[in-house]
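This report describes selected features of one protein model. Please consult the sequence and structure shown here.

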Amino acid sequence: MPLQNRVTPLGELIADPARGLVYGNRGCLHDEGGRIRRRYAGKRWIACRLEFRGWRRRPLLQPGRFTELFFLDDATALAAGHRPCALCRREDYNRLVAFWRELHPGQVGADAIDAQLHAERLDPARRQLPLDELPDGAFVLVDGMPHLVLDGRLERWTPAGYVRAGSRSRGRAAVITPPSLVELLRAGWSPLVPFVHPTARR
């Protein structure tokens, strides 16, 4: 039976056999039986490489340890409000920090970044913005479903990949990706981990 540790662009935790291409955590969310009991445990929500220095932990969801989470891709992790890990994705993290200094002057270090993102996650506001003004990698809600903005079109998100949804040439939509991370995407984000799942570029 699949574990409830796959993350949607809305930050929800679901059970699905599709693992995805990016790994991460937001603290210990499960009980001793491996059942998810909370949405988060702290403000530090990170997205990591699937593989790093050969580290592996088996079984997953060990009692008292952080809950291993899986994302379809980095765009999904950003939409859910996760930022790059400062250890396994140090280059991405350093780029984020440099960008953050310009976007939020006076906010320095991981704690400040995490506090800002946590505030944006708790009060998402769901800004309605023109689709043709959003950067590639941003997520929006269309008919209640998360869609990726990419190359002038919309791709509907599923746990296993994307489904072509059509043009984004007109209209407005509610933006899922936190505002600060939309600006990161607008600046030309190119991460070490897969940015979008291959199904988005068929």
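In which sense do strand β8 and strand β9 pair, and over how many bridges?

## Basis of the model

The model is predicted, with local features requiring pLDDT of at least 70 and side-chain atom pairs pLDDT 80 or more, while totals for chains, interfaces and linings use all residues. Residues are numbered from 1 along each chain as its sequence is written, and side-chain values use heavy atoms, without hydrogens and water.

## Strand pairing

Strands β8 (residues 139–142) and β9 (residues 145–150) are antiparallel and share four bridges. Pairing requires at least two DSSP bridges between two strands; strands are DSSP runs of E with at least two residues, helices runs of H or I with at least four, numbered from the N terminus.

Val-142 has Met-145 of β9 as its bridge partner. Two residues separate the strands of this hairpin, and Asp-143 has a positive phi near 55 degrees. β8 also runs antiparallel to β12, through two bridges, with Val-140 opposite Val-175 of β12.

## Helix α4

Buried residues (under 20% relative accessible area, 1.4 Å probe, protein chains only) in α4 (residues 179–186) are Ser-180, Leu-181, Val-182, Leu-184 and Leu-185. Their cover includes α1 (74–79), α2 (90–103), α3 (110–122) and β12 (172–175), where contact means heavy atoms within 4.5 Å. After α4 comes Gly-188, with a positive phi near 95 degrees.

Notes: Buried < 20%, exposed > 50% of the residue type's maximum accessible area, 1.4 Å probe, protein only.
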